[in-house]
Amino acid sequence: MDNNFELPVSLNGEEIMFDAVFKPWGYTYRIEVQVTGSPLVFERDEENNFRAVVYGEDPGIHPGAALLEAIAGALQQAFS
């Protein structure tokens, strides 16, 4: 099974394609989205919406709230 896919994200009237990977995680899953060569990990929260997960003190990239919300919205649309 191929777990890689492309995620189209709309931001500021522009559509950007991101490489993403579906990753099983216990009884659920996480989605890793490549942003400027670094992975951002998203998972479902208690309300079944997507949220970004940050590991450690500095994940290496700082994408900004607008991009995080746009990616989470695209994931919500794709997996609902």
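Reply: Start with the side chain of Arg 44: one of its polar atoms sits 2.9 Å from the backbone oxygen of Phe 79. That is a polar contact (N or O atoms within 3.5 Å; within protein one must be able to donate a hydrogen and the other to accept it, and residues adjacent in sequence count only if both atoms are side-chain atoms). Bear in mind that this is a predicted model, where local features need pLDDT of at least 70, side-chain atom pairs count only at pLDDT 80 or more, and totals for chains, interfaces and linings use all residues. Residues are numbered from 1 along each chain as its sequence is written, and side-chain values use heavy atoms, with hydrogens and water left out.

The Arg 44 side chain also reaches the backbone oxygen of Asn 48, at 2.7 Å. Asn 48 itself lies in the loop between S4 and S5 and has a positive phi of about 70 degrees, though it's not a glycine. With a relative accessible area of 47%, Asn 48 is partly exposed; the cut-offs are under 20% for buried and over 50% for exposed, with partly exposed in between (1.4 Å probe, protein chains only).

Arg 44 belongs to strand S4; strands (E, at least two residues) and helices (H or I, at least four) are DSSP runs numbered from the N terminus. Arg 44 is buried yet has no salt bridge, and Asp 45, the nearest side chain of opposite charge, is 7.2 Å away. For that, Lys and Arg count as positive, Asp and Glu as negative, and His and the chain ends aren't counted. A salt bridge here needs a side-chain nitrogen of Lys or Arg within 4 Å of a carboxyl oxygen of Asp or Glu. Leaving out residues up to four places away in sequence, Arg 44 touches Tyr 29, Asn 49, Phe 50, Arg 51, Gln 76 and Phe 79, where contact means heavy atoms within 4.5 Å.

Arg 30 pairs with Glu 43 in a salt bridge, with the closest N and O atoms 2.9 Å apart. Those partners come from strands S3 and S4 and are 13 residues apart. Glu 43 counts as buried at 14% relative accessibility, and so does Arg 30, at 12%. Arg 51 also meets Glu 43 in a salt bridge (2.9 Å, N to O). Through shared partners, Arg 30, Glu 43, Glu 46 and Arg 51 form one network.

Phe 42 takes us into the core. Neighbours within four places aside, its contacts include Arg 30, Arg 51, Leu 68, Ile 71 and Leu 75. The largest nonpolar core has 18 residues, and Val 33, Phe 42 and Ile 71 have the most contacts inside it. S1, S2, S3, S4 and H1 each give two or more residues to this core, and H1 has the largest share, six residues. A nonpolar core is a set of buried Ala, Val, Leu, Ile, Met, Phe, Trp, Tyr and Cys residues joined through side-chain atoms within 4.5 Å.

Finally, the helix: Leu 67, Ala 70, Ile 71, Ala 72, Ala 74 and Leu 75 are buried in H1, and the buried residues of H1 pack against strands S1, S2, S3, S4 and S5. Along the sequence the pattern is β-β-β-β-β-α.
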